[in-house]
Amino acid sequence: MRPADDAPFKDWIATSAVRAKPPLTDFALGRGDDLASVRWFVFGAQDELLSHPALRPLGLAERNRLAAARLVQFLDDMTLTEHRIVNTAAQAIAQNRLKDFLPEPMALDALKLYTDEGYHAFFTAHASRAVRQCFSLAARDEPSLKIAALEAWVAEAPPAQRDLAWFMVGFVGETMITKAIVDAMRGTAHSGLQRLLLAHLEDEWVHARYFAQAFALVWKGLDASARAHWGGQLPRVMAAFHARDPRLHGEWLEQAGLDAAARERVLDRLCGGEGLTTRTRRLCANTLQVLERCGAFKHKAVRERFVEAGLIDPDHRR
Ligand SMILES: [Fe+2]
Ligand SMILES: [Fe+2]
């Protein structure tokens, strides 16, 4: 059992965004159309899309629109991930369906996490709508490749194992989300969006600690064959969280005026397998650390799957 003062949600009433930052429900970008002509992005070499040489000829308006389309997709995807993916995992814990592994106070804490994600989904959807209006971007209703891949992965598990499968999805999602938000903050020049992302990030630091503690308990409770099974499957879950949609990226690039050959060059780098491995490894650094701390890589079968996926080095210490 964890000591009470190590409970990630112990200050939740005073510090969570839903309790301490209600003005985020009034999210507004500012005044009118001229916002579209202000620079929206922070240009940096780590921005794989905007720093690609094929995009050099683009002017501010095209770059802004591209950055806005990507931001809207990030926000929409986050909205859906919060209530359709993470909160499905939170429900499994909150309803004590993982009681073989997790003590009851953690089930109660899962309801705090559930509440946070509902609020995040709400203010994130607001922000997406505001950016979309500012740039006259069309709404997209279809779920991303990520959501489809994660749901398909859970559906493959036998019914009796689905709660555990959802838990694994929640663990990966909640231990990598902080880095994804930091990335989005780095690339965004708008101060209102920065504030919103920071409020989200502060909650997610708590969630990441919670899921790290929960994973340690679940891992401890699994026998050797279950560890080999679930541990070996995690690279697929981690990759699913970071897949990019080549069709969507192709559309944005076409709208920005890139010809087919230039689009191909950008998509190769952004959506290809090597890019996915590098991105997954970087954004899942915290997830990988938790796995290391739990001793997951001491299991040969697990270690081999991670090496195959390029998420740890072949000479990873045992
Ligand atoms: Fe969240
Ligand atoms: Fe979260």
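Modeller: The axes of α3 and α6 approach each other to within 9 Å and cross at roughly 145 degrees. This is a predicted model. Two packed helices are described by the angle between their axes and the distance between the axes.

On the side of α3 they are Phe74, Thr81, Ile85, Val86, Thr88, Ala89, Ala90, Ala92 and Ile93. Their counterparts in α6 are Asp163, Trp166, Phe167, Val169, Gly170, Gly173, Glu174 and Ala184. Sorted by class, this contact of α3 with α6 comprises 11 nonpolar, four polar and two charged residues.

Apart from neighbours within four places in sequence, Val172 is in contact with Leu234, Val237, Met238, Phe241 and Thr287. Of these, Thr287 belongs to α12 (residues 285–293), where Thr287, Leu288, Val290 and Leu291 are buried. These four cover an arc of only 160 degrees around the axis, so they lie on the same side of α12. The buried residues of α12 pack against α6 (162–187), α7 (191–221) and α8 (224–242). The face turned away from the buried side carries the exposed residues Ala285, Gln289 and Arg293. Just after α12, Gly295 adopts a positive phi of about 80 degrees.

Helix α8, one of the partners of α12, also holds Ala239. Ala239 counts as buried because 21 C-beta neighbours lie inside 10 Å, and the cut-off for a buried residue is 20 or more. Leaving aside neighbours within four places in sequence, Ala239 is in contact with Leu276, Thr280 and Ala309. Between Ala239 and Tyr210 there are 22 Å in space, C-alpha to C-alpha, for a separation of 29 residues in sequence.

Leu276 and Thr280, both contacts of Ala239, fall within the range of helix α11 (residues 273–283), which also contains Glu274. Glu274 counts as exposed because it has 10 C-beta neighbours inside 10 Å, and an exposed residue has 12 or fewer. Glu274 and Ser51 are 223 residues apart in sequence and 18 Å apart in space, C-alpha to C-alpha.

To return to α3, the loop between α3 and α4 (104–135) contains Asn96. Phi of Asn96 is near 60 degrees, a positive value in a residue other than glycine. Asn96 is partly exposed because 14 other C-beta atoms lie within 10 Å. The loop between α4 and α5 (145–156) contains Ser136, which has a positive phi of about 50 degrees although it is not a glycine. Ser136 counts as exposed, given its 10 C-beta neighbours inside 10 Å.

Terms used:
Residues numbered from 1 in each chain as written. Chains lettered and ligands numbered in written order. Predicted model: local features only at pLDDT ≥ 70, side-chain atom pairs only at ≥ 80, totals over all residues. Helix = DSSP H or I, 4+ residues; strand = E, 2+ residues; numbered from the N terminus. Arc of directions from axis to C-beta. Contact = placed C-beta atoms within 7 Å. Axes fitted to C-alpha atoms, helices over the stretch in contact; angles between N-to-C directions. Nonpolar A, V, L, I, M, F, W, Y, C, P; charged D, E, K, R; others polar.
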